[in-house]
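Please examine the structure shown below, and then follow the explanation one step at a time.

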Amino acid sequence: MIPILTPPNLSVVSEPVAKESKQMSAATGRETAVSTPKRWDRKHTARLLTWLTHIGALVPLAVLLVEYFTNNLGVDPVREILFHTGTTALVLLAMSLAVTPVTIAFGWKQVIPLRRPLGLYAFFYVCLHLLTFVWLDYGLDLAFIIDGIVEQPFVLVGTAAFLLLIPLAITSTKGWQKRLGKRWKTLHKLSYLIIILALIHFIWLVKNVYIEPGIYVGIVALLFLARWNPVKQKLLRWQRQIRSRLK
Amino acid sequence: MLIKKRTGIEIPSSEITPESVYLSRRHFMRGAALSTAAVAAGGLLAACASPEAEPGSSATDVSAVQTAMPGKVSATADELGDPLNSFEEITTYNNYYEFSTNKEAVAPLSKNFPTAPWQVEVGGLVNKPKTYGLEDLMAFEQEERIYRLRCVEAWSMVIPWLGFPLSKLLNEVEPTSAAKYVRFETVQDRDNMPGLNSSLFPWPYVEGLRLDEAMNDLAILSTGLYGEALLPQNGAPIRLVVPWKYGFKSIKSIVKIDLVDTMPESLWMKTAANEYGFYATVNPNVDHPRWSQATERRIGEFGRRETLLFNGYGEFVAHLYDDPDFDTTQSVRGQ
């Protein structure tokens with residue numbers, strides 16, 4: 001888990017200047033090597049966004065740890081930890097799927113390099129979620145765990161989502177991306193299925209009050225909608241109009 | 001006429017109670033000249049007499065052992081030896097949707113809920129309908145009952161309730177021979193219960209028992225816990241406790257009790273009859289359609305424990321049902 005978690009884009013943005021034209025991320029790759037103030041700005045933005053992603057993604061874990069050690073998780077800490085790690089994973093997964101819609105709707109290509117850390121952090125929280133389930137909740141009791149997975153449709157669906165995330169986490173490196181070529185993109189479309197499974201997991205576990213999972217379903221539906229070609233074209237047109245008006 | 005039977009869940013209090021508490025209770029029993037019923041009930045059902053009847057020493061003795069507890073209890077564990085949940089756990093983690101669907105939000109939201117004056121209207125198919133004021137309810141001899149509470153959400157607690165058998169109240173109003181079921185209703189106080197504005201549920205909260213279930217000695221109307229009056233989040237001023245059924249059956253803040261001839265439709269049956277049926281007996285072999293009921297998490301513990309059939313009270317209630325794997329959700333079986 002740890003090597004996967006090494007901030008992948010951090011090395012890119014903190015490379016020495018000499019190497020940077022070669023290692024430049026997609027957001028800044030088109031820039032010329034000439035040091036203009038504008039180019040420096042973009043690089044600055046990319047670095048800021050990367051740092052914000054790392055900090056933002058680790059804040060929920062920090063909050064959880066502080067709450068745990070200060071006894072602020074209430075009387076059912078296991079449930080709280082399960083809930084926090086689960087929803088954080090879902091939010092991060094949704095954010096990684098929001099990268100494309102954001103570029104479509106606003107043209108902010110700087111967010112593209114954030115997709116990988118967002119996805120990996122989602123996987124990290126899913127691992128914490130699962131660890132909490134088998135360890136804190138089920139006390140590593142194999143018989144209980146098997147019953148807990150097999151007899152509970154929502155856990156079955158959640159487990160499926162976790163298993164599907166594994167190949168995506170493994171192949172998230174540049175090396176695998178090259179090796180798989182066109183198939184890489186197809187493989188990573190699994191993330192659509194994964195988030196649907198995650199939403200079903202959430203809906204099935206709540207006791208008949210569907211407001212919160214409903215909000216997530218709504219947001220994810222919008223993210224899918226933005227990818228649908230008629231909507232996508234409309235968004236692109238709208239974006240061009242606004243940009244030309246601003247100029 | 002109800003004859004109080006030994007229910008068998010009592011075990012020698014010396015086995016489950018720290019010595020100081022145990023000794024103090026013996027002292028208490030000597031000093032207080034308890035009723036024969038309470039003596040017969042022994043350990044777990046030890047009567048918790050009204051405050052003025054208590055000798056001065058017991059309070060300090062108990063609090064020396066159980067500093068976290070506000071009131072007095074006769075034991076620190078249930079008959080299986082599992083420790084009581086703390087007063088804080090019991091009073092801050094509550095399913096009470098009239099206030100909020102968030103368990104931790106119920107206690108602060110219900111803080112100023114007015115529970116006095118209070119009336120419980122008992123009627124329907126009875127010979128002597130009666131409206132009980134709070135004083136009338138407190139006039140029933142209050143007993144301590146240490147029960148496991150198993151929530152349908154697969155968590156559980158051990159709670160030292162105070163209250164009296166529901167059968168005592170039902171015997172007073174004399175159900176007619178036509179009465180087959182008991183229907184309970186929770187107060188609808190729109191000014192003080194923000195959750196009632198939610199259209200997610202068909203208010204009011206209604207629950208029901210078959211008459212023989214209601215007459216079982218384990219079924220109590222509770223007015224307190226940990227030796228103190230109930231707090232609003234726990235269903236003050238009076239609530240039902242049926243420990244062999246999932247927690248949602250133990251309806252809170254009751255204002256109406258009706259004896260009826262047809263099976264009452266509860267709020268949860270109206271909401272999702274296939275998930276929360278009329279009987280809702282705790283049964284590890286019958287899963288909720290969406291989750292397992294085989295195990296449960298005891299609040300305050302990590303890991304899980306196996307859920308017991310009838311929540312461990314089979315000895316006293318199994319005879320009420322024909323089928324040992326009595327269906328917890330489908331209401332027709334076992335009638």
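In this predicted model, two helices of chain A meet along a set of contacting residues: Leu90(A), Ala94(A), Leu97(A), Ala98(A), Thr100(A), Pro101(A), Ile104(A) and Ala105(A) of α5(A) face Tyr216(A), Ile219(A), Val220(A), Leu223(A), Ala226(A) and Arg227(A) of α12(A). By class, this contact comprises 12 nonpolar residues, 1 polar residue and 1 charged residue. An α-helix has 3.6 residues a turn, so residues three or four places apart point the same way.

How are two packed helices described? The angle between their axes and the distance between the axes are given. Here, helix α5 (residues 77-106) of chain A packs against helix α12 (residues 211-227) of chain A at an angle of about 35 degrees, and the axes lie 9 Å apart. The crossing of α5(A) past α12(A) is left-handed.

Consider next α5(A) by itself. This helix contains 30 residues and spans 40 Å from its first C-alpha to its last, which is close to the 44 Å expected at 1.5 Å a residue. At Ala98(A), shortly before the proline Pro101(A), α5(A) has a kink of about 35 degrees. After α5(A) comes Gly107(A), which has a positive phi, near 70 degrees.

Finally, turn to the contact between the chains. Chain A contributes 20 residues and chain B contributes 22 residues. On the side of chain A that touches chain B, α6 (115-137), α7 (142-150) and α8 (153-170) of chain A each provide at least two residues. The largest share of that side, 3 residues, belongs to α7(A). The side of chain A that touches chain B consists of 9 nonpolar, 5 polar and 6 charged residues.

Methods: Residues are numbered from 1 along each chain as its sequence is written. Chains are lettered from A and ligands numbered from 1 in the order in which they are written. This is a predicted model: local features need pLDDT of at least 70, side-chain atom pairs count only at pLDDT 80 or more; totals for chains, interfaces and linings use all residues. Two residues are in contact if their C-beta atoms, placed from the backbone, lie within 7 Å. Helices (H or I, at least four residues) and strands (E, at least two) are DSSP runs, numbered from the N terminus. Ala, Val, Leu, Ile, Met, Phe, Trp, Tyr, Cys and Pro count as nonpolar, Asp, Glu, Lys and Arg as charged, and the others, Gly among them, as polar. Axes are lines fitted to C-alpha atoms, for helices over the stretch in contact, and angles run from 0 to 180 degrees between N-to-C directions. A crossing is left-handed if the near helix is turned anticlockwise from the far one by less than a right angle, and right-handed if clockwise. The expected span of a helix is 1.5 Å times one less than its number of residues. The bend at a residue is the angle between axes fitted to the seven residues ending there and the seven starting there.
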